Amino acid sequence: YFNSDTLAFVDGEFVKANEAVVGAYAQSLHYGYAVFEGIRAYATPSGTQIFKAQEHYERLHYSCQSIGLPFHYSVDELTDITYQLLEKNNLADAYIRPLVYAGDPNMTLKHASSSNLLIAVWDWGKYLGDQSLRLTISPYQRPNPKAVPIEAKVSGHYVNSIIASSEAKGRGYDEALLLDMNGYVAEGPGANFFFEKDGELFTAPQGSILRGITRNTIIDLAREAGIRVTEKFFTPDELQGATGAFYTGTAAEVVGIAAIDELEFSTPFSETLGAQLAERYRALVTGALVEQNA
Ligand code: PMP
């Protein structure tokens, strides 16, 4: 992720990433009380472009508010800092990880009265690779939205993601698919889920999922292409008869799903709506779609 020259942004300064440290009594470290974002920048014909910077930094604010973590940067400031950080690290295509954490020594279970900001950047290929995935339904559910603000991107929620993903891989699958507390299909450990049936797309509604920015982008691209998208609760049984499925996420982008446990999709991913949308997504983030329309 970094070498001795890599810079990170920490609390107002660009510092050597390998010298950025957190204290032993930091509240966030002990309780998972922190929020983060995952953003990508792409090399485009008009230079490096951070994709949906505003949406990501607005979600970071929302996540802070959800857990009572103070935060004072504006979206514009953060976007500006991020461009500077990319330039200082000579990165065009990059993954960007802002993290707001409570770094003060504080072992209480009270809202923090101040917070720290780290922005780290690195070169990262498609998180789940390019091959269609074999998923398994996880024995772990997504966290109950009445227990934690599940629509916020809170660090502690990712313990659920780590154990679910590792459990699936331990049984030989590529990734997990998690249900919500009511047994409806929710999302992956780090991506939203879509399936296609009879030429239409379906995905879980908001409520017990992270409202993915890639999910929104894909819904927009699909509707622009005249493809119907329905947000609804569905059980794993309703996946019978589906012709395809895919995961969406900033890190994963759009990646096909070949099978979910015993259910194998009949159509190869490359021939599905998901593959068409993956191509349009690529074109959009790399600036090719804008160029085409111009
Ligand atoms: N769900 C979860 C649990 C995630 O961690 C992510 C990645 N941020 C997503 C969905 C996809 O969100 P986005 O498209 O905004 O990256």
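Modeller: A salt bridge here is a side-chain nitrogen of Lys or Arg within 4 Å of a carboxyl oxygen of Asp or Glu. The model is predicted, and by that rule the interface of domain 1 and domain 2 has 1 salt bridge. The partners are R40 and E253, whose side chains meet at 3.8 Å, N to O. That distance can be set beside the cut-off, which is 4 Å. Side chains of opposite charge can pair when their charged atoms come close.

Polar contacts across the boundary are counted separately: 8 residue pairs link domain 1 and domain 2 in this way, with both residues at pLDDT 80 or more. On the side of domain 1 that touches domain 2, at least two residues come from each of β3 (34-36), β4 (39-44), α2 (53-67) and β6 (94-101). Helix α2 gives the largest share of that side, 7 residues. Sorted by class, the side of domain 1 that touches domain 2 consists of 12 nonpolar, 6 polar and 5 charged residues.

Now the extent of the interface. Domain 1 covers 7-122 and domain 2 covers 133-288, and their centres, taken over C-alpha atoms, are 26 Å apart. In contact are 23 residues of domain 1 and 22 residues of domain 2. Between the two domains about 1800 Å² is buried, with 62% of that area from carbon and sulfur atoms. The residues of domain 1 that lose the most area to domain 2 are F36, Y42 and R59, which together make up 33% of what that side buries.

R59 also takes part in a salt bridge with E37, where the side chains meet at 2.7 Å, N to O. E37 sits in the loop between β3 and β4, while R59 belongs to helix α2, so this pair, 22 residues apart, links distant parts of the chain. In the whole structure the search finds 11 salt bridges.

T286 is in the loop between α6 (273-285) and α7 (288-293). Beyond its neighbours within four places in sequence, T286 is in contact with Y42, A43, T44 and P45. A polar atom of the T286 side chain lies 3.5 Å from the backbone oxygen of A283.

As for the protein as a whole, the secondary structure comes to 7 helices and 16 strands. Its C-alpha trace spans about 55 × 45 × 30 Å along the principal axes. The radius of gyration is 19 Å, which agrees with the value near 19 Å that a compact globule of 294 residues would have.

Technical notes
Residues are numbered from 1 along each chain as its sequence is written. This is a predicted model: local features need pLDDT of at least 70, side-chain atom pairs count only at pLDDT 80 or more; totals for chains, interfaces and linings use all residues. Side-chain values use heavy atoms; hydrogens and water are left out. Domain bounds come from an automatic or database domain assignment. Contact means heavy atoms within 4.5 Å. Buried area is the accessible area (1.4 Å probe) that two parts lose on being put together, summed over both. A polar contact is a pair of N or O atoms within 3.5 Å; within protein, one must be able to donate a hydrogen and the other to accept it, and residues adjacent in sequence count only if both atoms are side-chain atoms. Helices (H or I, at least four residues) and strands (E, at least two) are DSSP runs, numbered from the N terminus. Ala, Val, Leu, Ile, Met, Phe, Trp, Tyr, Cys and Pro count as nonpolar, Asp, Glu, Lys and Arg as charged, and the others, Gly among them, as polar. The radius of gyration is taken over C-alpha atoms; the globule rule is 2.2 Å times the number of residues to the power 0.38.
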